[in-house]
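Please keep both open as we go from the whole chain down to single residues.

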Amino acid sequence: MELVPDYPGIARLYAEALASKRLPSNRLLVAAAERYLRMLEMAKDPQNDFYFSPVHVTDYCRFAEKLRHFESGSWEFTQIGPDGKPDPRIILEPFQIWAEAAIQGFRRRLTGERLVSTALEVLPRKNAKSLKATVAALFDLCCGGGNAEVPIAAATQKQSEDTLFGDIIKMVNNEPELREHYGLKVTKEEISRGDGKIFMLSSQGERQDGLNPSLAIFEEGHAGAASVYAVVESAFGARPNALKRMITTAGYRPEGPGYDLLLEAKMVLEGKAEDWTLFAAIYTLDTEDYINPESKAVDYDKLFGDEDLIYKCNPMMDVGLDIIKIRTAISKARRLPSKRRETARTRFNLWVGSGTSLIEAHAWGACKRNISIENYIGRRCWIGVDLAQVRDMCAIILLFEEPTGEIVVFGKFYLPELSETASNPEISEHLAAWHEAEHLVLTPGPLADHDLVREDVEAFCDVFDVVVVACDPHQAHNTVKHLWDGNRPVMTYPNTAPTMTPPWDDIEGRIASEKIWHDGNPVLAWMMQNVHGDRKGNGLILPRKETKESIRKIDGAVALCFANGCRLEPAQAKSAGPEPETIDPYKLRGIIGFEEMTNG
């Protein structure tokens, strides 16, 4: 009889160590461990909807530890085989066993099916993400019945083929016993066993119809295509045991299916929502570990100066991760500012954006409040309008003041549905989702509908006490004229560094102190995080896009500066009316001395 480790016992000990903070962890990880232990107690009650099955946990973990590593790594030769030589078979670490115990162990009491239907694991780079996903896919194919259907979902065919799917093929090819025992067949398109298969699924693929997945694995969900996630999501339901599984690193920007699922997981772990079918393990840092409390910006000296933080968010440290290599990467990031954000993302699992963006996602998100524009009817209001013709969005920003000193902003956004921007595959899915949720207006044709924007501005003027409508002077000539002719308080606001610096500095300071409130409009949030800029020696800064041709728009941020600039310094705005007529003095009095000369 084969002796096997007590995998459920290891999982419980690991969860207890996290919950008691004997292991380095963050608040979300502690909450996940506490939730796991609470579920174990709940599972003992015969009246509860689910129970815990140690057998299912052991079956999964034992299958995993019979497989061999397919790539070299410092963790793979940690056991000695019967012949006295290093054995490259997988040895699961406690954090891996805990995750599988949570995902595989809890079962529905009435049917015995797996309780967890959505699993999210957010891990920094080189923490065995691909290995975990590979084992999950092969277990479902080999042990989940004869008709397993396992799509490997990715944003592109190349992403799917080059990474996880390629790793699965490597492992199968490296395991002749596995292939022979389960009768696996390998092609470039799929790995099959009977009627079951593992295959690639991308936004460009042809296999999105007729899906009936038993397990869907999302490759690097932070960069995943929302359309693929939506297709897989809609295909679930036919199999009660089906599981969506995402194992990812933090992304460059707070958008996409990975970030959306992260927000959902946070709600559950923080106790704001109840969903026993979701498991989440988020290996990252708490904000106080890396945020400057005064500026609310990332303090890279603090982040890179405390080596304990590396261990806090990397469960494979000193197993699959070499601390010397990590130190070298961090040292380089300290010297080269251009490397800082990427190092923070990949080594510490932080969603800190990329490049030189001026506003961090977490800082803007912290300013969200449960507010509604209807509550400001009749209140004094400053309106900023940034218009575009084809590629950029048109934006209206409404700004209000609170008696306690905060400013409150709401936005409305427009984009031609036949524009290049609307069809760009990098953001088209987000645009469609925003349109469906009524955060974005898609107007007919290839050109911006300035008449619609003007009509909405006029409607706002009718319900709010509008001080000024501040427009960009370069795109809004006709709009400004119509508003002026309609006796609306319209002005133009110069989009220059001297005029934009004061309102932008005020906005940045308010974000840091949470003195600017918004309703969480995702389009405005996206635009604020797209703002870049370099401060000149004289202190001036002009908010701009990452590059001139960047698909990531900032129109809402520009319009916000217009409105805030008029609020702070009304004299900066220019009259939108016609220039006063210049009276020619010669028409009134003639040329001095000419009349006398002619009369004489």
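Predicted model: local features only at pLDDT ≥ 70, side-chain atom pairs only at ≥ 80, totals over all residues.

**The chain as a whole**

The protein chain has 600 residues, of which 52% are buried. Its secondary structure comprises 24 helices and 20 strands. Among the contacts in the protein chain with a separation of 6 or more, 71% link residues 24 or more positions apart.

**A covered strand**

Let us turn to strand β5, which spans residues 118-122. Five of its five residues are buried, so the strand is mostly covered, buried here meaning under 20% relative accessible area. The cover extends to both faces of β5: Thr118, Leu120 and Val122 lie on one side, while Ala119 and Glu121 lie on the other.

Which strands pair with β5? One is β11 and another is β12; the table sets out both pairings.

| Strand paired with β5 | Residues | Sense | Bridges |
|---|---|---|---|
| β11 | residues 243-248 | parallel | five bridges |
| β12 | residues 278-282 | parallel | five bridges |

Thr118 stands opposite Lys244 in β11, and Leu120 stands opposite Ala280 in β12.

**A buried threonine in a helix**

Next comes Thr421, whose place is in helix α16, a helix that covers residues 420-423. Is Thr421 buried or exposed? Its relative accessibility is 1%, and therefore Thr421 counts as buried. Which residues is Thr421 in contact with, once its neighbours within four places in sequence are left aside? They are Arg391, Leu415, Ile427, Leu431, Ile551 and Lys553.

**Cysteines**

Cys367 has 0% relative accessibility and so counts as buried. Cys561 is buried too, because its relative accessible area is 0%.

How many disulfides are there in this model? A disulfide is a covalent bond between the sulfur atoms of two cysteines. Taking a pair of cysteine sulfur atoms within 2.5 Å as the criterion, the count comes to zero disulfides.

Terms used
Residues numbered from 1 in each chain as written. Heavy atoms only, no water. Helix = DSSP H or I, 4+ residues; strand = E, 2+ residues; numbered from the N terminus. Buried < 20%, exposed > 50% of the residue type's maximum accessible area, 1.4 Å probe, protein only. Contact = heavy atoms within 4.5 Å. Pairing = 2+ DSSP bridges.
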